[in-house]
Amino acid sequence: MSDTPTASPRRTGDANLVRRSLVLVAIALLAGLLLTYLGQIDLLRRFELMTYDLRMREAPVTAPPEILVVAIDERSIQQFQAWPWPRSTHARLIDRLRAAGAKLIAFDVVFAGPSGGGAAFDKEVPLEQWGESTSPEDKTLTRAIRKAGNVILAATLPEGEGQSEDSAQGSLQAPEMPYEDFQEAALAVAPANVVRDPDNVVRHYWLTLKHLDETYPSLAVSIASHVQGVSDAEVIKGASAQASSDVPANQMLLWFSPLETAAGGFDVVSYYDVYKGLVPADRIKGRIVVVGGTAPVLQDLWQTPMLSGARTEGGAQKVGLVPGVVVQATAVANLLQQRHPGPVTWPTKLIVALVACLLVALALVFLRPLTVLVLVMIPVSALLLIFGTWALNVHHLWMPVAVPVLAAWTTCLGGTTYRYMAEEAGKRRLRRAWQRRVSPEVLQLILRDPTMTQVEAREVTATVLFSDLRGFTTLSALHSPQELVQVLNHYLTRMTAVILRHGGTINKFLGDGIMAVFGDPVPRPDHALRAATAALEMQEDLAKLREETEGGSDVYKSLFMRVGLHTGTMLAGDVGSEDMLEYTVIGDTVNTASRLESLGKEYGTQILMSADTWQQVQGQVQARFLGEVTLRNRPQPIDVYELVGLTGQGEAPEQEAAREAQEDS
């Protein structure tokens, strides 16, 4: 028998690692690409918007001091009684603001149509029937607007055709435009529509809207362009420079101020107080004034990402909505400060998702899934959220978080499933390879280590048992092959059961011989004693087999066995060719055990063991020293012993009879 391995099993383990790595990387790439591509579906987009809301609430943004909100609040409604108010009331407000030195006055109120019957306006009057108004109320408001020279009026356009698909909610069939006398007197007229996302939360703002093939800049854009002295197109260009699939070119993301109140951190005064001259002029001078409703009765209230942060004056959590005038003021502030968040490009989103997925895949190559969950998945998810918040707060970039997090979790789930299936397949192969070689208890230990499917050669200390039937070749010439095979299978089954019962491993069958190892693949500190005990029991069981078959086949009566035992170091592992591997043990220890079994023929013994084995079991077994012998191909002589029985036990009658019969022969 050769003392050197015939092949290096390391290549098989390396191949498994490479295969696992490639599969996990493929899963990561597929998850990253698929989730990034599917990021625009409604469910994933809503999830992403939720993460945007969480990050937005952490944004340290303050409302610019140059904006003043004049609120049509509940107090004003109560003072002026029923809404709508006479247009002369608004004219007086404009006069007050002009006199106090307001830089620009914008109304988030649509003065649609001429006044009717003394009312502020009458929506029942058809647009085609509008003519020159004779109402003193309209003339008063027209004069106030013209005299101020800095008033921008709001309109409302129908949404749907030409607008973003996500905000096509409008039931309007015709635009609500200010009465034409007001339009002529005003500095500008601009639509004040509010964009709602699919979950009815306001996160975006129109830059432009279309109606009848004409494009209109929004109210906030018009305000910003006049304040900065630039064209609407320049404002729109700056705000839409980072438009992407997440944010259409005619919209921008809004960055809300922290909501200590529903006013969103803006300086707010009551409409009634300004009307009555109760607000000091220096609080108005040089500021952009946005006039709009905050009273719930006006039904101009909207959900925003900052809603859950709104609080009452007492500090309790406020459950309510944000007025539309605050949305308009926020849009103006974002445009003036150039702080509106911009979405990252699609390649950037893909790179972030792929990096997260590949990190998880790399971890799954070397770590157990549960370890990956605790040490990788939770930190990666937290880091992505932190990274997204940092990008938003520091660089004003909306970095998607939900998609890379979901992609990473998809990679983890897919990789874990693959590893589970691969390990189960490996366990099935392992079970098939070992279940007939080792005991069920040892098999369970081996199954806990899936790497045992291909075992790299390693040095172990164990005891090797060789057994062989005396004169079986002669018996083969005297009996039919069918009878011999039946007898041999019965014999090997009985002997195998004994070996497995004592924790040995059946390495191979050598015709009528058996090679077994004790102490490998599962280390056993008492491997020598186990081997000695198994050898004694094998002889006892063979004697019983001869007695049990009295009157049956006479082959059984002629079955006598020699056993050789030797303890030492050896190489254990998978050896063989590129296409076929076999787990075995090789080395001088194996050769010595085989030659001790053959030497038993010369000494007429049943069980012959080396001094190395005797030293391991001394005091636990009975043995008879036979002398010093020199084995073939072994330069140094060794002491050999005949194993007789266990300590405290005499030689079993079956053993004694078998030994005497063997000696007589």
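**Salt bridges in a predicted model**

D468 and R562 form a salt bridge, with the closest N and O atoms 3.6 Å apart; the term means a side-chain nitrogen of Lys or Arg within 4 Å of a carboxyl oxygen of Asp or Glu. This is a predicted model, in which local features need pLDDT of at least 70 and side-chain atom pairs count only at pLDDT 80 or more, while totals for chains, interfaces and linings use all residues. Residues are numbered from 1 along each chain as its sequence is written, and side-chain values use heavy atoms, with hydrogens and water left out.

**Exercise 1.** State which strands D468 and R562 lie in.

Step 1. D468 is in strand β15 and R562 in strand β18 (residues 561-576), 94 residues apart. Strands (E, at least two residues) and helices (H or I, at least four) are DSSP runs, numbered from the N terminus.

Step 2. R562 is buried at 6% relative accessibility (buried is under 20% relative accessible area, exposed over 50%, partly exposed in between; 1.4 Å probe, protein chains only).

**Exercise 2.** Find which parts the salt bridge of R458 and D520 ties together.

Step 1. The side chains of R458 and D520 meet at 2.7 Å, N to O.

Step 2. R458 lies in strand β15 (residues 458-469) and D520 in the loop between β17 (513-518) and α17 (527-548), so the pair ties together parts 62 residues apart in sequence.

Step 3. R458 is partly exposed at 24% relative accessible area, whereas D520 is buried at 3%.

**Exercise 3.** Decide whether E548 is buried or exposed.

Step 1. E548 forms a salt bridge with R494, the closest N and O atoms being 3.0 Å apart.

Step 2. E548 counts as exposed, at 51% relative accessibility.
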